[in-house]
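I opened my notebook to look at how this chain is put together. My entries follow, in the order I made them.

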Amino acid sequence: MTDVTFESLGVAEPILRALAAENYTIPTPIQAKAIPALLAGRDLLGIAQTGTGKTAAFGIPLLQKLSIGHVPPQPKQAKALILAPTRELAVQIEESLRTYGRFLNLKMTVILGGVNQNTQIRNMSKGVDILVATPGRLLDLVQQKQVRLDAVNTFIVDEADRMLDMGFIRDVRKLVAFIPKQRQSMLFSATMPEDIARLVHEMMNQPERIEVAPQGKTADRVVQKLFFVPMAQKRQLLSELLKDAAMNRVIVFTRTKHGANRVAEHLARTGVVAEAIHGNKSQNARQRALDLFKTGKARVLVATDIAARGIDVDNISHVVNFELPNEPESYVHRIGRTARAGGEGIAISFCDSSERAYLRDIEKLTRMKIEPVAHDLPELTAEQKAQAEEPRRPHGHNRGGKPGGGHKPHGGGGHRGDVAADPHAPKKRNGSRSHWNRTRDSSARRAGGA
Ligand code: AMP
């Protein structure tokens, strides 16, 4: 594995140049396995999530395939279609593909819900090589005959389990019906619930199966800190911690959209530039918040789990779990926002008395005990105590239900305490990632396509 280079995998020169400019020296494990299989024309099932380098794993062979003997696309057509569950992920995929394909002359565009469709129709009028889309809006435009999928020869579904969680699988199936059967297909998913397995069976032809499970590994590389702190003091503690200038690019997670807004407002009041990102915001507002954060104009991004899924921002110094997630898998996703691509990061969790059960679930899943750190905040005032003892509103604490910012990676119904059945459980880790992790110098790496 140590001798594997992008060149040895068969990647062509203009793409090699783009990768070198991004400081991608060693292919990640999923890239090392996927690139040759895809260049050979195989279908691919990738059990992997964001952070493994999967975008380049499918993006590089795709760009290469489209650039060989390139014929310009026909009006309204796309030669390759990539479906993503969230608008942020779709934008990010396109940005990454532009980065890896910057020395190629390929046309790409994004189709997303939540924004005016006219620009998207215009962008498709002359056709594109690569179309990245969220399923709902794309289906809409296909039905309006503004987009044609009859020339798609490469079809990629990213974060399929998230599609399922968000109720997009029917739209995906409908879209598949518009795509020619003769094609190369790829599907990526962090977990493999039954519905996804069925979709794989329907849409793929003897796929090469590649599994990389870095989640537990990610947790190993993140320094995890825990504060036991009443809800009433969490904002104060956050402000105290933010006095440390080392916290220069911070994602704060809340369970609910409302919570995200409240924390962002609190920070703004205390002079910290913070942006909130969640599902209630318009696409433009979300993108603006993300851009401000990526460019360092906002020091803090306050996010819910769903909104943060797939967000790829490099060099995040700290992740703060302002509220613990009620799904332990979300904890691993959250802290994986720091320590990207082999770097190291710090995750700080606030846990109040009502969240102890969530903490136990997290420790069970990660098979790690998080040692609490003492804080020196003053004792609660009588008023704060009374507030802390008020019964909590149910929405963030409904373990069986679906709170605003939560998610359910297993397609519902699964028993969450069952670590053995969980695809993120450490026992399923595959050790092949370590060479990449160990040899990477995170500070040397630039924002790849992000
Ligand atoms: P992804 O899983 O595609 O979201 O990628 C996760 C992060 O890893 C992104 O920031 C990429 O820019 C970065 N990345 C992907 N492949 C490599 C590589 N071979 N070397 C260094 N960084 C990479």
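Predicted model: local features only at pLDDT ≥ 70, side-chain atom pairs only at ≥ 80, totals over all residues.

**Charges over rings.** I looked up Arg356 and found it over the face of Phe228, at 3.8 Å from the ring centre. I then turned to Lys234, whose charged end sits over the ring of Phe322, 5.9 Å from the ring's centre.

**Aromatic pairs.** How many aromatic pairs does the count come to? I got four aromatic pairs. For Phe227 and Phe350, I noted ring centres 6.2 Å apart and planes at 80°; planes over 60 degrees apart count as edge-to-face, so that is what I called this pair. Phe227 belongs to strand β8 and Phe350 to strand β13, so the pair ties together parts 123 residues apart in sequence. I found both Phe227 and Phe350 buried. Phe322 and Phe350 also pair, and I wrote this one down as tilted, with 5.8 Å centre to centre and 55° between the planes. Here Phe322 comes from the loop between β12 and α15, and Phe350 from strand β13, 28 residues apart.

I checked the accessibility too: Phe322 is buried with a relative accessible area of 5%, while Phe350 has 0%. Together, Phe227, Phe322 and Phe350 make up one aromatic cluster.

**The sheet.** In which order do the six strands of the open sheet come? I read β8-β13-β12-β9-β11-β10, with parallel pairing. β8 (222-228) and β10 (274-277) are at the edges and have a single partner strand each, so one side of each has no neighbour in the sheet. I noted an average twist of 20° from one strand to the next.

Ile251 has Val319 as its bridge partner in β12. Then I looked at what packs on the sheet. Helix α11 (residues 231-241) touches β8, β9, β12 and β13 (345-351), and its direction makes about 155° with that of β13. Helix α15 (residues 328-335) also touches β8, β9, β12 and β13, with about 155° between its direction and that of β12.

**Helix α6.** My last stop was α6 (residues 135-143), where the buried residues include Pro135, Leu138 and Val142. The helix's buried residues pack against several elements, among them β2 (78-83), α5 (117-124) and α8 (169-176). Just after α6, I found Lys145 with a positive phi of about 65°.

Notes:
Residues numbered from 1 in each chain as written. Heavy atoms only, no water. Pairing = 2+ DSSP bridges. Helix = DSSP H or I, 4+ residues; strand = E, 2+ residues; numbered from the N terminus. Axes fitted to C-alpha atoms, helices over the stretch in contact; angles between N-to-C directions. Contact = heavy atoms within 4.5 Å. Buried < 20%, exposed > 50% of the residue type's maximum accessible area, 1.4 Å probe, protein only. Phe/Tyr/Trp six-rings, centres within 6.5 Å; stacked < 30°, edge-to-face > 60°. Lys NZ or Arg CZ within 6 Å of the ring centre and 35° of its normal.
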